[in-house]
Amino acid sequence: MMGPRTPTEPDATMSPLRRSSRSHGDRSDSTETLQKNNSSNSGVILDISALKLEVDSEVPPLPPRYRFRDLLLGDQSFQNDDRYQEEYSMDSTNAQVQVEFYVNENTFKERLKLFFIKNQRSSLRIRLFNFSLKLLTCALYVLRVSLDDPEQVTGVCVNCQNRTSTTAESTESTEINWDLIFWVNRRVPVWAIQVIVALISFLEAMLLTYLSYKGNIWEQMFQISFILEMINTVPFIITIFWPPLRNIFIPVFLNCWLAKCALENMINDLHRAIQRTHSAMFNQVLILICTLLCLVFTGACGIQHLERASNQNLTLFNSLYFCIVTFSTVGYGDVTPHIWPSQLLVVILICVALVVLPLQFEELAYLWMERQKSGGNYSRHRAQTEKHAVLCVSSLKIDLLMDFLNEFYAHPRLQDYYVVILCPTEMDTQVRRVLQIPLWSQRVIYLQGSALKDTDLMRAKMDDAEACFILSSRNEVDRTAADHQTILRAWAVKDFAPNCPLYVQILKPENKFHVKFADHVVCEEEFKFAMLALNCVCPATSTLVTLLVHTSRGQEGQLSPEQWQRTYGRCSGNEVYHIRLCDSKFFGEYDGKSFTYASFHAHKKYGVCLIGVKREDNKSILLNPGPRHIMAAPDTCYYINITKEENSAFIFKQEEKDNKGLPVAGLYDAPSRLPVHSIIASMGTVAMDLQNPTDPPEDSSKLTLPTENGSGSRRPSIAPVLEIADSSSILPCDLLSDQSEDETNQSDEESSSVSDFVKGYPPNSPYIGSSPTLCHLLPQKASFCCLRLDKGCRHNSFEDAKAYGFKNKLIIVSAEMAGNGLYNFIVPLRAYYRPRKELNPIVLLLDYPPDNHFLEAICCFPMVYFMAGTIDNLDNLLQCGIIYADNLVVVDKESTMSAEEDYMADAKTIVNVQTMFRLFPSLSIITELTHPSNMRFMQFRAKDCYSLALSKLEKIERDKGSNLAFMFRLPFAAGRVFSISMLDTLLYQSFVKDYMIPIARLLLGLDTTPGSGYLCAMKVTEEDLWIRTYGRLFQKLCSSSAEIPIGIYRTESHMFPSSESQVSINVEDTGGDDQRDNRSESWKEKTRTHRMSTTSESEHPLLRKKSLQWARRLSRKNTKPPSRTERFSQQRLNLYRRSERQELSELVKNRMKHLGLPTVGYDEMNDHQNTLSYVLINPPPDTMLELNDIVYIIRSDPLAGPNVPEDPAQGQSSGGGRMRQDFGTETRDETHL
């Protein structure tokens, strides 16, 4: 029996390895066992403090496995450990058995392998030591050569003990003194050091050979490295036992090749140890340099030694000079070998160089080409000293690259940033050509790699990046799979660099919540459908938002002779900016004033449009919070202007008044003079002409018309905008009225159908993350069968749009399938602030029937129907009510987004839309395209000279570097074509303007913040033309209804060069008749007719003449005027076109009769061929209003508070009360189907 012992006794015999290998659980078990054993022996006193100290200090600081002493001794003390016997000598049935793992590593050979080969850090130290030894041997050889004297060389052999060799040969003799080749003069200290180094190298070589032995000893022995080691070490060891051989020549300089191998292995171990991967190019360049150095050093040492045997002794420097001259193929001939051994060595070295060096250069060239494809690395030093942003894409197209670069570098503070592109595909030819331009080659770096690999993220230095943009591949057939790839990329970047700001583009809304952690997320389908929906009620909303999110200086089209192009291009430079109220000269003086007062007076004085504000203690941006919002110094103001306030110069000027009360002509005189604040100066600086700040506010706020023809009659004046909100001065808003007010002027039949609508939140959202919006809803959900437009059910028997008897015009949406994004098309059109009597029926024309999940989401909305069909089927179009529709929205189909040839993805959509344009010329068609460059084919006319002139203007603007070269295309300017790629700049701008995405979502109705306004439109009628200017309209809206206008959608009649035929004149005359007959119709109906009739030829003769001359000058330059024969041919062609149109009309009418539909509503002569429309963002205050202008306004939230009183009489006090109606707010009695 073993006597009791204290807990400190086993610690003396336990090995360090065993102490470190025991777990904390084993220590606790052993402590309890010792306490039980000691409690049974009453004669033993247990020192608890010593036990706790021993348990706490039992873990050694370093693992003993890596200590050389334990590698040699092993672990033999564990089996004799008394504690082991004490703990496991209990009952054999319940005894624990400790299992040791990795026992194969306990052998002596495995431990040596672990230390010398397997372990990264220890093997790195061994190779570094070996490399140092080889360099030392080369240095000792150079030292021996420098101390060598051939005249004192003594060679000792067995037969001749006293023989002395000298170099007494004559200078003309070529006899070789072989003694000087085999014997050298080696000093004793040098010999001693070389022997010690040789012993260490020999032992190390033998040990590594033993450890790497795999069963074939001859394979190990015939390795070149082993042979060189034996040549350079064994002779020195022999000289220890045979002193006469101490002066024998040993080619120690060959150790340079062993040093080269050691350096390669050391670099590889270094990469493994520090977890850094240099490129293969670095390794190959290092190998090439080492090979050249070894060849030169070997040749220099060998030639120097062999030339000792000739009568002309060369120094080591001369030999080095000869080798460099020889290998460089220069060959001066001043230094040459004289005996055949040295000449033979030169031949051998040249042959070796001719074989080895081309192989090295070939490998280097191959790696260089591969590196050009993969892109290399972004250096850590540059990442820490310079700023860079990373762009992650699955495939890089030239359009995407140029849009990103142009928008990213459009901001002055981003000029010094680098852009690192991380893409898994190889760079194509176009991208490579662009990145070789000096403008981009110095600051754009392309890396081929995946964002899912940490090594590639490390190459891009993602952890040091200022931002990471992750874009989806919208051209993929499976857009859901593209979103999944984007989600994984976002997760990988967030895992690798959690502090890097993420800007993520997602395609489908149902996948948005997976990347909710990102700093900024843009869902493509959300923005797309919301924008297309607003296009139906606010014309050209897509153009308005696109121009706002593009960086432009407003210089496009300024050299054009067309007035509308100059005005349109100048206003397109307006963007959204922000500034704190206390730091602003624009808004600083309005501290303590109402928001409406600040917005009006800032526009009147500086020409800036204040659209929103954000409180310091609130993260939400409020668009037009209304007159109840009082401006405070810490508030952040959001405004629309040509440039930000920091880049503006303020010029105060006293204005002199002439006898008529108008300003005297100043520096900027023109037929339609603009104020100074709307003129763009160079380099982002705007010179602003400020009105006299000393003018009393009461005089400046009253805008009255001057007397006409000397008479004293005056038109109605506009009330001033008050500093503090006064409820008595604000007109009531229709949206705040109750249900009975909406139905005041409606018939009983109309009111009975509208009264069924209620306001509430949609009960079912098709995806996670949709913003709740208060909408018009049905009291009870409609049955799924009732949502089918073309098939009757037990609830109703209607089978076409005519049978429903809708009061308002239809909105038809053509899509491939009912995706979740289509939900965002319906919500803005059913929002609570849309008057109930103006809700347009929505018909979804789908290629594939929707599933029940989608029907469950839309069955709560009133007047929403679907129908299975395509736009290339005329019967489907007629059944869904295209004759009674105001707008047809053609959504780009996912199946056609990818094509074998780029830009051909839109071919089917363009041709189908062109067919509908020919069949239904009066229909407003809004088309989504994949590629913006294809918009030139919308409503294409082959011989339209004006379109050709616009094409040349687009090329001129593109050559000037404009980001909006396509803006002058008539379909885009009119808002009839849209591409989602135009909104990519919204995500790019968020890096500098982090408020752009929230503002865009508020404008489009995707988000509804309490207290924030919404975008709507109003029409300027004949009764409203007394206001005259946009600035007076601004005051009228602010003072009456607290609405903020932000732009104008203007439609002008235009005489195009192709309209010189009699057919065009007939169309124009017809339009004139329509204008006289249809003045009482809704203004939606009149927008189609006024495009041909609102402005006759006599109203704008100069504009028509200039347009015609400009088009002819650009498209028919250096051409002769048409002859009489050509004019007759043109007239014949026009007559042919008219007959073709009649044929199309007959075709449509025959199909309608076949389907049992009336043909009364079909009008084939009412088209848009003689009009052009464009958007003016934040026009100058003195811009003249024109008839049928549509004004974009931001109306305050009617649910934010009691902004307006219930005082209907106040709304009738001025002649502009009718002007506040929304787009389509006139009576709909004449639009019955």
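The side chains of D1007 and R1001 meet in a salt bridge, with N and O 2.7 Å apart; the term denotes a side-chain nitrogen of Lys or Arg within 4 Å of a carboxyl oxygen of Asp or Glu. The structure, a predicted model, holds 25 salt bridges, and a search of the whole structure finds 37 aromatic pairs. In this predicted model, local features need pLDDT of at least 70 and side-chain atom pairs count only at pLDDT 80 or more, whereas totals for chains, interfaces and linings use all residues. Residues are numbered from 1 along each chain as its sequence is written, and side-chain values use heavy atoms, with hydrogens and water left out.

**Salt bridges**

- In the pair named at the outset, D1007 is partly exposed, with a relative accessible area of 23%, while R1001 counts as buried at 9%. Here buried means under 20% relative accessible area, exposed over 50%, and partly exposed in between (1.4 Å probe, protein chains only).
- K260 forms a salt bridge with E264, and their closest N and O atoms are 2.8 Å apart. Both residues lie in helix 13 (residues 255-274), four residues apart, which is about one turn of the helix. Helices (H or I, at least four residues) and strands (E, at least two) are DSSP runs, numbered from the N terminus.
- K260 counts as buried at 13% relative accessibility, whereas E264 counts as partly exposed at 25%.
- A further salt bridge joins E575 to K993, the closest N and O atoms being 2.9 Å apart. E575 lies in strand 7 (residues 575-580) and K993 in the loop between helix 37 (984-989) and helix 38 (996-1004), so the pair ties together parts that are 418 residues apart in sequence. Both E575 and K993 are buried.
- A network of salt bridges links R474, R479, K508, E524, E525 and D984.

**Aromatic pairs**

- Rings of Phe, Tyr and Trp (its six-membered ring) pair if their centres lie within 6.5 Å; planes under 30 degrees apart count as stacked, over 60 as edge-to-face and the rest as tilted.
- Y417 and F991 form an edge-to-face pair, at 5.9 Å centre to centre and 80° between the planes. Y417 lies in the loop between helix 18 (398-408) and strand 2 (418-423), and F991 in the loop between helix 37 and helix 38, so this pair ties together parts that are 574 residues apart in sequence. Both Y417 and F991 are buried.
- The ring centres of F586 and F587 are 5.9 Å apart and their planes are at 75°, so this pair is edge-to-face. Both F586 and F587 are buried.
- Ring pairs also build a cluster from F404, F408, Y409, Y417, W440, F469, Y503, Y988 and F991.

**Charges over rings**

- R443 lies over the face of Y409, at 4.0 Å from the ring centre. The criterion is NZ of Lys or CZ of Arg within 6 Å of the ring centre and within 35 degrees of the ring normal.
- K993, the salt-bridge partner of E575, lies over the face of Y577, at 4.2 Å from the ring centre.

**A contact between separate sequence positions**

- E1022 is found in the loop between strand 21 (1014-1019) and helix 39 (1030-1040). E1022 is partly exposed, with a relative accessible area of 46%.
- E1022 and N1188 are 166 residues apart in sequence, and their C-alpha atoms are 8.1 Å apart in space.
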